[in-house]
Amino acid sequence: MRQTRIPMRRALVAALPLLLITAACGHESPDTTPKSTNGSSEQGTDTNAQPAAPGEFGTLKGVCGRGDGKTVPSDARGVTDDEIQVGVLNDATSTLAPGLGAEYLAVAKAFTEWCNAAGGINGRKIKFVTRDAKVTEAAARIVDACQSDFMLVGGATPFDAPTVEPREECDLGAIPAYAASPEATTSKLQALPTRVPAKQANVAAIRLLENEFGDAFERTGMLAVDVSSLLDPALAVREALPKVGVDIVSFQKLPLEVASYRTYVQPLVGKVDAVIPPPAPDAGFFRAMNDVDYTPKVLLDPVGNTYSQDLAKAFADAPVDAPYYLASEIFPLEMADQNPATKLAMDLTKKTGTKLPIDAGMIPAWASWLLFARSASECTDKLTVDCVIEKATSDHAYTAGGLIAPVDLSDPTSIGACRVILSLTADGFTYEPKITKPTDGDGVFNCDDANVVRLDG
Amino acid sequence: MTTTETALIELHQVRAGYDEVEVLHGIDLSIPVGQVLAVLGPNGAGKSTLLRVLAGLHPPTSGDLVIGGNVMTGADPTALALRGLCLIPEGRGVFPNLTVAENLWLLTNRGATRRDVEQAAFHAFPVLRERRNQLAGSMSGGEQQMLAMARAIATDPALLLVDELSMGLAPRVVSQLFESVARIGESGVTIVVVEQFVQTVLGVADRAVAVVGGRIVLDGSPTEIAPELHSAYFAGNPDQEDDR
Amino acid sequence: MNEFIGFTVSGLVSAGLYAIVACGLTLTYTTTGIFNWAHGALVAVGAFSYWQFAVDWGLPTPLAAAICLLLVGPLMGVTLEAVIMHRLEGTSEATRMVVTLALLLGVLAGMNWIWPPSQQRLVPRIAGGHVLTVLGQRVPYSDILVIATGLLVAVGLRTLLYRTRAGVEMRATVDDRTLATLNGASPSRTAMRSWAIGSTLAVLAGILIAPRGALSATTLALLIVNAYAAAVIGRLRSLPMTFVGAVILGLATGYAQGYVGSRQDITGYQYLVGLVNVLPVVVLFVALQFLPQSRLRGARVLRVKEVSSRPTWPGTLVLAVSVVIVAVAVAPLLSPGDLNSVTKVWGLAIVALSLVPLVGYGGRLSVCPLSFAAIGAVVVSHLGGSGNPVVIIWAVLIAAACGAVLSLTVIRLSGLYLSLATAAFAVMLDNWILTLPKFTAVIRVPFTDVTLYRHEITIFEGGSLDVRRPSFFGVHTTGDHAFFIYGAVVFALVTLVVAAVRRSDFGLRLIALKDSPVGYATLGLNGRLTSMAVFAFSAGLAGLGGAVYGAAIQRPSPNVFSFFSGLSILLAVVILGVNSIGAAAAAGVFVGGPALTNLFPGLAQLSSTLIGTAGIGLGDNPNGAVPAEMRPRWRPVPRAPVVLVGGLAAVVITYFLTLAGVLGNWTFATVLVVVLLAMPPVARYVAEIPAPRPVRDAEADGLSGPPELLGLTLPVTSADLDRVSREISVPRPRPTGGSHGT
């Protein structure tokens, strides 16, 4: 799940200034794209099919285009005859976490360039403006956006509870990259393609690995970060896992800034066979495991927090001799060649010349933009925020053209059932079709309804 | 410092003060080698300031400090200390958070060994030997002052400046301390002693000056000035001009 | 049993790290008298420099380490002493703290600029990860190296400080710098040596800590906070005891995490888990309780007297009214986004003001103002459902009560130890209490099943509070504009309260207590009660500030009240003048306002660096910028009414033109700045045009200034001396004409 990805983990500080270890890189690292692997032949659409028509994105049609030539009437704020102004929330110039959310700006640039070249939203070009909340000024940015933006798309900020009231008050619609607080998750005038475990949780990872690691699951240890917006999803997972036969014998809360992982790894020795790591551990976590000579039977990330190049690097630095699996609702970037949407997203982002690594963390932003553009394009009678949100939330199985597993946009608290299992080795991430056992025909995801567990919460 | 000149240390028309307030209003003083000079006067007259100027700790606003014939106004007090100028400041010149032994150890920077220093100090003040490993700050006032005097004894200074040695001490201790001052004086060291208590120091000094209101009002041998001290302290001098 | 050995070994490994860091800190304190809050930043510099040489530039590891230890470390230390630390001679504890904190901020900002945090930096393992097996446990050689180094450092430093002349000289210089000079020591050379060694130790710690994980400047810098406990156990003096303290700390943390933090089956586990994470500061707090109240250092004479001048009623009223007028005037000029940002200013200014009686008048160096602000905000959030303003009173009272309770636990402490204790309290609150999960408060009749009271409490429910903006008699402050004015009014009222306190009996007592606790006691006054009272008063004010601040943000999360945000306020207040009410206002505006980051959006590090450099200049001006710089500069202005009126008129005219849209905001700001800069020198010029005044008349009436300031910040004139002579019936001292005689 994207909510607990690296920037979130870093940004949600309770007491201390932040460190950003995220997709924003100062140096051009030589390997900024995940390596492509050839999965089995059951994967995705063949890339050698004809190139997508302009305005089409993977399986998503009618995302952008000139429409029928006539200007769709609109008296909404931020909309002129030629342009729609959209705000992108981020925290890129904050002192606490410099560069946080910078990838949202890169994706915004990539998307708007592509969309405008294809004709825009029924002829109107999209102009995006940065709304830099600097972690602590989210409400002020909303107020700024309320002056001139049509909607907020493809961005997010970790402390988003203060944004809800001003945003709702000025009828500013939002399709964010993620929602951090419960208030933001259920706020009005919003469509949310990316979810975190709260009232429901996805346990596909457990179910699919039960056969091989059922014994190990009887002694499972979880490590979470003691910051409420990272902790709450972890608590939801903690509540969900026992319903599928997992016995959590150890649950540790790590501070946001960990100087020495050893203190938290030592208690696992001899007690825990299956480890659920904290969101975005750094190399120190794995080094500590080596130090205390601790090799669990399996490392498991059921939410997908750790799907990032930084984690791959960390794992490669101090590999642990245990299998590492994660479940993700994102189509694996390593197989981009077999999924036009993923390949297109990655290529477009790279084309902007950004120095940021093309990482899974960008996909939620893509999903948001695609949803916005497709929904807005469908509003041919009158372009209003209400119309866009209505069109967006009427999609019960949104896949962002194939970038992500289907998600029901009408219920922001629902978690999709489809997941893909990836393994992590020193060579990087690999799709595991035999473990995933895809159920969606020639797709990659396992979409068994039993993957979703409802919590009393 | 050369000792061939008659005057070891001189002040020429020295004015000194703090911020806007001038305390010394033009001091002329010449101290020959080997002399034991007592500086007397009421509180606030400027005696301590005079001593600090002599030690190079306080730069005069005008006038000169001459040592051994060389003008040393503004000289670095560290350099002066290393060349044999020893100031025992007011209020116990010891390091309270160091032990007696450590305090003495610091005196070895002029070439003496630790053992020599301790021997000299304990010979003069046997009580210090018992307190060797005790923190200086926890000793009684008299013992602290003895430790301070040990500096004078152990480092063989050329010029010894002592500020208010007797402050807050019992008479017996005071006389013991002044005995050591006398002994040092006998060995040829030039000494300047600032004191409030006139009788004790007059017995030790070769010469005495009285400083009142930032000026030297009396200057002579102890017997000469003793009768005039009383009036100098209390009456001031009524018929002098306002120079402001 | 195996488990126990495992936790013990882990604990010892942490202990080694704490030992090296704490010993470096203790060494610096013992040999310079300065508690370096930025020590952790130096550790971080060491780690990153090592990475730079060994990984980025690919030098062989021993060479890289050697360069860091022999070049970077000493150079850093010598530079610190030469540029910053020597100015701290003879300054108060508050000044030293602020300067070293400013240094911390500055160094971290610099590091984030040179090594942007977005990149993951890894340093190779020492000894390539080889291990030794001890009692069935694998211990990597690198960890053994750390423990051994820790021990060696402790022993080596002890030998240095107590068995070598150089070490004794270092300690002597701290005791009494002048006396050390008289002994032939060169204090500046000694200080350079001390800082060089201390910095090198920090670099050593950095090199040893680096392989633990990805490098993070902030983490390393703040790791030091955990090591404070070890240093305090060593009484900031004894290095072997510091090592013992480090061992205690490391083992305690290891066992706590192992036996409590990772277990789910212990009752109350969910409340204890957070405690385990703040265990180092809990140990610190406890250690401070048991510390014998020994004098930290021998009597230190402050080089520059810290003056707390008495605020006048006219002056304070002018300030209060101006604040409201400026708020009313500025509000319409701001863009809605800026207006939203700027509502935070008043709450922070009130929190800043709460430091004035406590740290300024009372001299009690407490560093947790935002903790009480958090308490105030929590109270208002839980009790003030519909914007009922009465809850603010509860916020003040409850915060004050907490302040009183805290003061009881720290009543014996002062200066540095007090700041450490309050820092520990702030971190405990941040990281444990405010993040406690839901719990149920139940009051039962003992030995029965009767429940009198049952309430479910979550302090920060769901991650953020819900603070409503109050309404008074039908006037709602929900809008940003209205709230901004409301905040200004509250702040103005609080300034009057603080001025009243300063002018009252209580204010006099505070200052007397600060000046001389011994003297205070001999007057028969109870110093402890006074201390408690000022703590409670300050905490209450901070609670009020928190209530206002919380309402400005409306949905504050715990990080808003973090210890480090509180430090920025403390820094700003002390830099601008902790004894001055006007300075507190300025501090609140500076910290809370958007101005700085909006003016220079691309240079986010700038404000940190600015605070850093300003703090460093504090050494020369411990009274703060406002009293030392601004007031004297502005003194001639009231004497030149022409200039005052003219300047005001210019500002007012420009203001209305801006309001009408004729001029832009930037133009107005520029005009304002120019007028403000020009008024003092012009006034001085105008005032000096000789207006025929009989000199005698003016001075015959009285002294040329308040008596306590003559000779201190004002010159003593001849007329003053005449007046004094008349008053005390003593003829003025006459010079010796060189002749005796009557």
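Start with helix 4 and helix 9 of chain C: select both and look at how they cross, which is right-handed. Keep in mind as you go that this is a predicted model. Two packed helices are described by the angle between their axes and the distance between the axes. Here, helix 4 (residues 93-114) and helix 9 (residues 217-233) of chain C pack at about 155°, and their axes are 10 Å apart. Angles over 145 degrees count as roughly antiparallel, so helix 4 of chain C is roughly antiparallel to helix 9 of chain C.

Now show side chains where the two helices touch. From helix 4 of chain C, pick C:L104, C:L108, C:M111 and C:N112; they meet C:A217, C:T218 and C:A221 in helix 9 of chain C. What kinds of residues make up this contact of helix 4 with helix 9 of chain C: nonpolar, polar or charged? Five are nonpolar, two are polar and none is charged.

Stay in chain C and jump to C:I207, which sits in helix 8 (residues 187-209). Is C:I207 buried or exposed? With a relative accessible area of 8%, C:I207 is buried, because buried means under 20%. Select what is around it: leaving out residues up to four places away in sequence, C:I207 touches C:G46, C:A47, C:Y50, C:A65, C:C68, C:L69 and C:I126. Then try a distance label from C:I207 to C:A44. The two are 163 residues apart in sequence, yet 8.9 Å apart in space, C-alpha to C-alpha.

Next, hop over to chain B and find B:Q145 in helix 6 (residues 141-154). B:Q145 counts as buried, at 1% relative accessibility. Which residues is B:Q145 in contact with, leaving aside its neighbours within four places in sequence? Highlight B:I88, B:R92 and B:G93, then B:E164, B:L165, B:L169 and B:L177.

Last stop, chain A. Colour it by secondary structure and you'll have 14 helices and 13 strands to look through. Of the 457 residues in chain A, 67% are buried. Take the contacts in chain A between residues at least 6 apart in sequence: 73% of these join residues at least 24 apart.

To finish, zoom in on A:D282, in the loop between strand 8 (274-276) and helix 9 (283-291) of chain A. Although A:D282 is in a loop, A:D282 counts as buried, at 7% relative accessibility. Where does the side chain of A:D282 reach? Follow it to the backbone nitrogen of A:G284, at 2.5 Å.

Key. Residues are numbered from 1 along each chain as its sequence is written. Chains are lettered from A and ligands numbered from 1 in the order in which they are written. This is a predicted model: local features need pLDDT of at least 70, side-chain atom pairs count only at pLDDT 80 or more; totals for chains, interfaces and linings use all residues. Side-chain values use heavy atoms; hydrogens and water are left out. Helices (H or I, at least four residues) and strands (E, at least two) are DSSP runs, numbered from the N terminus. Buried means under 20% relative accessible area, exposed over 50%, partly exposed in between (1.4 Å probe, protein chains only). A polar contact is a pair of N or O atoms within 3.5 Å; within protein, one must be able to donate a hydrogen and the other to accept it, and residues adjacent in sequence count only if both atoms are side-chain atoms. Axes are lines fitted to C-alpha atoms, for helices over the stretch in contact, and angles run from 0 to 180 degrees between N-to-C directions. Angles under 35 degrees count as roughly parallel, over 145 as roughly antiparallel, 65 to 115 as roughly perpendicular and the rest as oblique. A crossing is left-handed if the near helix is turned anticlockwise from the far one by less than a right angle, and right-handed if clockwise. Contact means heavy atoms within 4.5 Å. Ala, Val, Leu, Ile, Met, Phe, Trp, Tyr, Cys and Pro count as nonpolar, Asp, Glu, Lys and Arg as charged, and the others, Gly among them, as polar.
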